[in-house]
Amino acid sequence: MITRRSLIAAAGAAGAAAGPSLAAAAGPPRQAPPGFLWGTAISAHQSEGNDTNSDVWLLENIKPTVFKDRSGDACDSYSRYEEDIALNAALGFNCYRFGIEWARIEPSPGQFSNAELDHYERVLEACHRHGQTPVVTFSHFTVPRWFAERGGFEVADGADLFAHYCGRTTERLGPLIGMASTFNEANVPQLVQLMQPMLGHSTVAAQMIAAARKATDSPRFSSLIYADPNLTKPVLLDAHRKGYQAMKAARGALPVGVTLTTQELQSVGDPAFAIEAEKTLYGGWIEAARDSADFIGVQTYSRLRFGEKGLVFPPKGAELTAAGYEFYPQALPTTIRWAHKAIGKPIYVTENGIGTDDDARRIAFIDQALDGVRACIDEGIPVHSYMYWSLLDNFEWSSGYDKHFGLVGVDLKTFKRTPKPSAYYLGGRARQNRL
């Protein structure tokens, strides 16, 4: 599965003593504002395991496939959610961003599972027991298989079906949710479009979708990342607006926003190159966030550079992460400033992180990113959170289990969670509310 992290890559002993001293943090001590949310993020499909009714599960298990691994049991977070939430709290965080899985909640059209809603109610109750503000994503790339089979978000009434799911789910779970977003990185199909000239056409991806259509006897089978962005964009925009309205109708006081993939866009030469890239990446979503969102979720990992022929590779000699993209934590303050200027809503950093097996570089990345957050707050920009992606080393879509973004390692056979030094480091800063 081509995702934001894989796209950017294509461009180029337990206990607090296990981590380095907080004194190593760059810059003078600085407290975050009262109420600042420090947290981690995971998604349903990537961590829960056995999401058998989703479109992506089918794509992982069909031949040919672009997926290196099958998600399988993933991190077994569906069963071990209490352990994960308790660990998040013990590390020092005060919020937990996770996804609820539409494919579980509405396994067939119009049929909502009370058992699955009960399950997510228990997850939310666990968050509150452990002092965690639950930040809930209603759709993180996956959709129910039945929804994909009828055309997904390439079909206009897909927006109404999504809104119905949002409304019904919020009626049940809304009183326990701290904050919610309709979509995770709603503009990621536009990132695919932006980077297509470099990536080229994936024959295997096209064959995979063709195989899924044959296997399901559904000639319109559509999975979001592999769909035509010219068709999905207007439907996604409509789905967000209708989903937002349905969630607010169910619980008016619930803060509902949208998260976007917000990489720093730079020109190599004419400034117009980056301006055009910005139009492609954010077209429609700036307006949608202004009129149908209570906050904007910034999700930044690196920078993208554009020249006369489009996307260009990182500069020669630039440090690359293990996930293949440029080590560039200073992108975060740039995208925060962009979101503040372009959208003007309260800003939450809902994802920021690094794929690496060198935990010292993860700590360095976090340090520099938090320096940027501090600078933005000092400028008066309303930044209300820092949520690291991710709590766990989990299933990274088409890259499988090879890319490690987590603060916590996971043994995929025993499911034992092992915090890394970076977990204690960032958790310690969170506990001190220290930017």
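Which residues form one aromatic cluster? They are W102, F138, W146, F147, F153, F162, Y165 and F183. This is a predicted model, where local features need pLDDT of at least 70 and side-chain atom pairs count only at pLDDT 80 or more, while totals for chains, interfaces and linings use all residues. Residues are numbered from 1 along each chain as its sequence is written, and side-chain values use heavy atoms, with hydrogens and water left out.

Aromatic pairs number 22 in the structure; rings of Phe, Tyr and Trp (its six-membered ring) pair if their centres lie within 6.5 Å.

| Arginine | Ring | Distance from ring centre |
|---|---|---|
| R168 | F112 | 4.3 Å |
| R361 | F327 | 4.4 Å |

Now for H45. You'll find H45 in helix α2 (residues 44-47); helices here are DSSP runs of H or I, at least four residues, and strands are runs of E, at least two, numbered from the N terminus. H45 is buried, at 2% relative accessible area (buried means under 20%, with a 1.4 Å probe and protein chains only). Its side chain makes a polar contact with the side chain of E60 at 2.6 Å, the cut-off being a pair of N or O atoms within 3.5 Å, one able to donate a hydrogen and the other to accept it.

Key:
Rings of Phe, Tyr and Trp (its six-membered ring) pair if their centres lie within 6.5 Å; planes under 30 degrees apart count as stacked, over 60 as edge-to-face and the rest as tilted. A charge sits over a ring if NZ of Lys or CZ of Arg is within 6 Å of the ring centre and within 35 degrees of the ring normal. Buried means under 20% relative accessible area, exposed over 50%, partly exposed in between (1.4 Å probe, protein chains only).
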